[in-house]
Amino acid sequence: MQFRDLHRQYEAMRAEMDEALLKVTRGGAYIMGPQVAELEQQLADYVGVKHCITCANGTDALRLALMALGIGPCDAVFVPDFTFFATAEAVAMVGATPIFIDVFKETYNIDFADIYDNIDVCRELGLKPRAVIAVDLFGLPADYKMLAEFCKEFNLFLIEDGAQGFGGSINGKKACTFGDISTTSFFPAKPLGCYGDGGALFTDNSDYADMLRSLRVHGKGLDKYDNVRLGINSRLDTLQAAVLQVKMRHFDEELAAVNRVARKYTELLFGKVTTPCVPKGYTSSWAQYTIQTDNRDEIQARLKAAGIPSMVYYPRTMSQQTAFAHLKQDPCPVAKRLTKTVLSLPLHPYLTDEEIEQVVSIVLTT
């Protein structure tokens, strides 16, 4: 059994995928070929924003967003303490300081009330609060209504880290539309993944879009040999754009299928372990199906013995990362507890009921 079965997905799309890749190789435009611009328009139309700017990976997308917003040294950016390292890494890479915020136990997403408690902490450290990065963890969008109100009150930028959230929604409004700038990742195991690294940024602000297009190509101006600012080299390969165009054609179908799998898991596990919470009006894209249980290590060992993969996302908080030890921030209590109890189970659109039942029977073995 595969944790995220990309082999089955390829077999389902084999003819379209092979033809799309051959078209790129026949055309020879491997960097910024026509498929890249086509994909950007398709992605923008899908989520419902004016601009999509692709880039080399999701981490670069976050870094580019921070650069476009002018965030740097002496600035503070609030990030969840329970997330993948890249969210806080991007903040540090532009010279700003990540301030780690606790998360909700039920949804794993950033707890806006805890941000209030840390505003004064920033000022005591001589830092200027500039932005919040909210992560759509495991595919579920954060509470953007409350976050937008908070950011407006304190004049902060709101960045949506939708690396795991592409395809999710709140009351019909798609993920990657909630931030001043929103980002996503096309890492192969993501809800929409390519065959390597890739990322994208989304915004309705044309000035930000123009800045991002410049920054992703060494800060170029109208002439690519006139660099008007310092940027980075972060372009999406044409081959990856072609892969994503094929997968986009099947994305809604796969999204419906993975939601069916998640509902089946919850039906069988509810009340026996802590199952994921999807609030009313929300749709998750289910980057992961993550349970909480006090006997996590025992369950994971049983699954491994049966040849079933599982993963712990994440075994330590951001504030426990060695790279951030100098910040001397204590782990947030909910985040710290989650590192001891979370376990992600195999999940993908092609998982059968029989496979789901096999996983559940081992999880519930006493």
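What is the volume of the second largest pocket? I looked it up in this predicted model, where local features need pLDDT of at least 70, side-chain atom pairs count only at pLDDT 80 or more, and totals for chains, interfaces and linings use all residues. Residues are numbered from 1 along each chain as its sequence is written, and side-chain values use heavy atoms, with hydrogens and water left out.

**Second largest pocket.** I got about 200 Å³. My note on terms: a pocket is an open set of points on a 1 Å grid over the protein atoms alone, where a 1.4 Å probe fits, with protein on both sides within 12 Å along at least five of seven lines; lining residues have an atom within 4 Å of a point. A volume is the space filled by probe spheres set on the points, which are joined across faces, edges and corners.

I then checked who lines the second largest pocket, and found Glu 19, Pro 34 and Arg 249 among them. Helices H1 (6-27), H2 (34-47) and H8 (238-269) each give two or more residues, and H8 gives the most, with five. Helices here are DSSP runs (H or I, at least four residues) and strands are too (E, at least two), numbered from the N terminus.

**Largest pocket.** I read off a volume of about 560 Å³. Of its 27 lining residues, Phe 84, Gln 164, Ser 185, Phe 187 and Lys 190 are the closest to the centre. I also saw that H3 (58-68), H4 (86-93) and strand E8 (181-185) each supply at least two residues of that lining.
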